[in-house]
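This report covers fold, nonpolar core and charged pairs, in that order. Please view the sequence and structure below before reading on.

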Amino acid sequence: MPVADKKAEAPKKFTPYEPAAGEEYMNEQQLEHFRQILLGWKQELMEEVDRTVRHLQEEANNYADPADRATQEEGFSLELRTRDRERKLLKKINETLEKIDEDDYGFCEACGVEIGIRRLEARPTATLCVDCKTLAELKEKQLGG
């Protein structure tokens with residue numbers, strides 16, 4: 001049984017964008033760069049979902065031994081939890097693609113500043129700049145959430 005992988009991480013297979021001197025932030029080329037990253041990531045996640053469905057169908061054995069059955073069920077449970085996180089990520093990717101289509105991508109939802117190309121390449125679905133994200137995490141820690 002495959003161990004839950006880290007497909008939920010941002011995709012690694014892309015060439016970093018190198019803006020020209022004086023290039024406008026989130027111009028058409030940059031938006032297309034991020035659209036392609038997100039579409040590739042979405043494709044990877046969808047392929048992983050298909051593999052999981054096939055795996056669950058192929059590996060579903062009715063073991064007589066309760067320990068073997070419990071081990072199999074725990075493995076399936078872990079895989080399904082991973083896929084659930086990925087399902088939520090797919091929703092976020094689709095929302096981000098909509099923002100790109102609406103020309104509303106790359107700016108912090110809290111303060112309006114540029115999120116930055118490198119941050120977006122690391123986490124293409126980011127909606128907050130580093131400062132606002134740090135502040136949100138500090139608030140969350142203080143509230144115990």
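A contact means heavy atoms within 4.5 Å. Residues 24 or more positions apart make up 63% of the contacts in the protein chain with a separation of 6 or more. The model is predicted: local features need pLDDT of at least 70, side-chain atom pairs count only at pLDDT 80 or more, and totals for chains, interfaces and linings use all residues. Residues are numbered from 1 along each chain as its sequence is written, and side-chain values use heavy atoms, with hydrogens and water left out.

**Fold and surface**

The protein chain has four helices and zero strands, in the order α-α-α-α along the sequence. Helices (H or I, at least four residues) and strands (E, at least two) are DSSP runs, numbered from the N terminus. The expected span of a helix is 1.5 Å times one less than its number of residues. For the 36 residues of H2 this gives 52 Å, in agreement with the 52 Å between its end C-alpha atoms. Just after H2, aspartate 103 has a positive phi of about 55 degrees.

Buried means under 20% relative accessible area, exposed over 50%, and partly exposed in between (1.4 Å probe, protein chains only). By this rule 33% of the 145 residues of the protein chain are buried. Accessible areas come from the Shrake-Rupley method with a 1.4 Å probe; for residues, only the protein chains shown count as cover. The protein chain exposes about 9,500 Å², of which carbon and sulfur atoms supply 52%.

**Nonpolar core**

In soluble globular proteins, nonpolar side chains tend to be buried together. A nonpolar core is here a set of buried Ala, Val, Leu, Ile, Met, Phe, Trp, Tyr and Cys residues joined through side-chain atoms within 4.5 Å. The largest such core holds 23 residues, and Met26, Phe34, Ile93, Tyr105 and Leu120 have the most contacts inside it. Helices H1 (28-59), H2 (66-101) and H3 (117-122) each give two or more residues to this core; H1 gives the most, with six. Leaving aside residues up to four places away in sequence, isoleucine 93 touches Leu38, Trp41, Lys42, Leu45 and Thr125.

**Salt bridges**

Side chains of opposite charge can pair when their charged atoms come close. A salt bridge is a side-chain nitrogen of Lys or Arg within 4 Å of a carboxyl oxygen of Asp or Glu.

| Salt bridge | N to O distance |
|---|---|
| Aspartate 101 and arginine 35 | 3.2 Å |
| Glutamate 48 and arginine 83 | 3.8 Å |
| Lysine 99 and glutamate 109 | 2.6 Å |

Lysine 99 lies in helix H2 and glutamate 109 in the loop between H2 and H3, so that the pair links parts of the chain 10 residues apart. Lysine 99 is buried, at 18% relative accessibility, whereas glutamate 109 is exposed, at 52%.

The salt bridge between aspartate 101 and arginine 35 ties together parts 66 residues apart in sequence, because aspartate 101 is in helix H2 and arginine 35 in helix H1. Aspartate 101 is exposed, with a relative accessibility of 57%, while arginine 35 is buried at 16%.

Glutamate 48 and arginine 83 also form a salt bridge. Glutamate 48 belongs to helix H1 and arginine 83 to helix H2, so this pair ties together parts 35 residues apart in sequence. Both glutamate 48 and arginine 83 are buried. With Arg51 and Glu86, Glu48 and Arg83 are linked in a network of salt bridges.
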